Amino acid sequence: MPPEPAPEPPPALQARHLMRAAPWATLATAAAGQPFASLVTPALAPDGSVLLWLSVLSEHTRQLAAEPRCSLLFAGLTEQANPQTIPRVTVTGLAEPVGEGEAAPLKARWLARHPYAALYAAFGDFALWRVRPGGALIVGGFARAQRLRQAELLPDPAAVTALAAAEPDILAHVNAEHADALAAIARGLLGADPGEGPWTLTGVDPDGCDLAAREDPAGEAPGRYLRLEFAAPVADARGVRTALVAAARDGRSRLTPT
């Protein structure tokens, strides 16, 4: 008999998975009561806040400076013809510029998600913004909608704090000792081509981890991004290790001819 399908994650985890993996989103701002929509390229901080690298020359940036209330629409993918079957998350929240004291690590996380942006990341008219979610509506498909309060949507704060402290050691150890495991995960689970790589771990959070392949021979800039979602949120470094070991084992099994 075929194996039982894995149970569907709870709505809040589905929402965070979709948000963390999304390469783009639609940002809704307002000026004098007139709504305005624009395309942005988000990355999620470990705590679930949405990071945006915005130009002061953009209309939506000026609007956020005057009115921080905003909304973001994250849309997934579907192979069906009906666009109403696309999973999506609408997040409402407040936008704010990220202060200089905390901008560096968050900007690095945003760049790991959008490596192509290194070409303009140093431009003086750009700055890092953060949208703190206040709540969300997740639509899993046609007629499948559920509202999420802020406390339901965001990851466990204790897990966020624990992983933030452990992340430097996790990244250093995995990248120095387990390049083969990262390659197995990238190729076996995430669909990377055999010629891509080497792969490095660039970030971890309670919901998963980020992988990047270096594009240039000197290894100075990441060229490709992949996201590994954990089956369930983890609370600490041990949870990350357990999830990565399981993912590497699964990836190797899929690469091994039967």
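**View 1. The lining of the second largest pocket holds 11 nonpolar, two polar and three charged residues.** The model shown here and in the other views is predicted. Helix 5 (157-177), helix 6 (179-189) and helix 7 (237-255) are the elements that each give two or more residues to this lining. Helix 7 gives the most, with seven residues. The second largest pocket has about 340 Å³ of space. Its lining is made up of 16 residues, and those nearest the pocket centre are H173, V174, H178, R241 and L244.

**View 2. The largest pocket has a volume of about 540 Å³.** Lining this pocket are 17 residues, with L18, A21, G76, L77 and P87 the closest to its centre. Two or more lining residues come from each of helix 1 (11-21) and strand 7. Helix 1 supplies the largest share, four residues. By type, the lining of the largest pocket has 10 nonpolar, four polar and three charged residues.

**View 3. The rings of W53 and F126 form a stacked pair.** Five aromatic pairs are found in the whole structure. In the pair of W53 and F126, the ring centres are 6.2 Å apart and the planes meet at 15 degrees, so the pair counts as stacked. W53 belongs to strand 4 (residues 50-55) and F126 to strand 7 (residues 126-141), so the pair ties together parts 73 residues apart in sequence. W53 has a relative accessible area of 10% and is buried, whereas F126, at 21%, is partly exposed.

**View 4. Ring pairs join W53, W110, Y120, F123 and F126 into a cluster.**

Note on methods
Residues are numbered from 1 along each chain as its sequence is written. This is a predicted model: local features need pLDDT of at least 70, side-chain atom pairs count only at pLDDT 80 or more; totals for chains, interfaces and linings use all residues. Side-chain values use heavy atoms; hydrogens and water are left out. Rings of Phe, Tyr and Trp (its six-membered ring) pair if their centres lie within 6.5 Å; planes under 30 degrees apart count as stacked, over 60 as edge-to-face and the rest as tilted. Buried means under 20% relative accessible area, exposed over 50%, partly exposed in between (1.4 Å probe, protein chains only). On a 1 Å grid over the protein atoms alone, a cavity is a set of points where a 1.4 Å probe fits but cannot get out, and a pocket is an open set with protein on both sides within 12 Å along at least five of seven lines; lining residues have an atom within 4 Å of a point. Grid points are joined across faces, edges and corners, and a volume is the space filled by probe spheres set on the points. Ala, Val, Leu, Ile, Met, Phe, Trp, Tyr, Cys and Pro count as nonpolar, Asp, Glu, Lys and Arg as charged, and the others, Gly among them, as polar.
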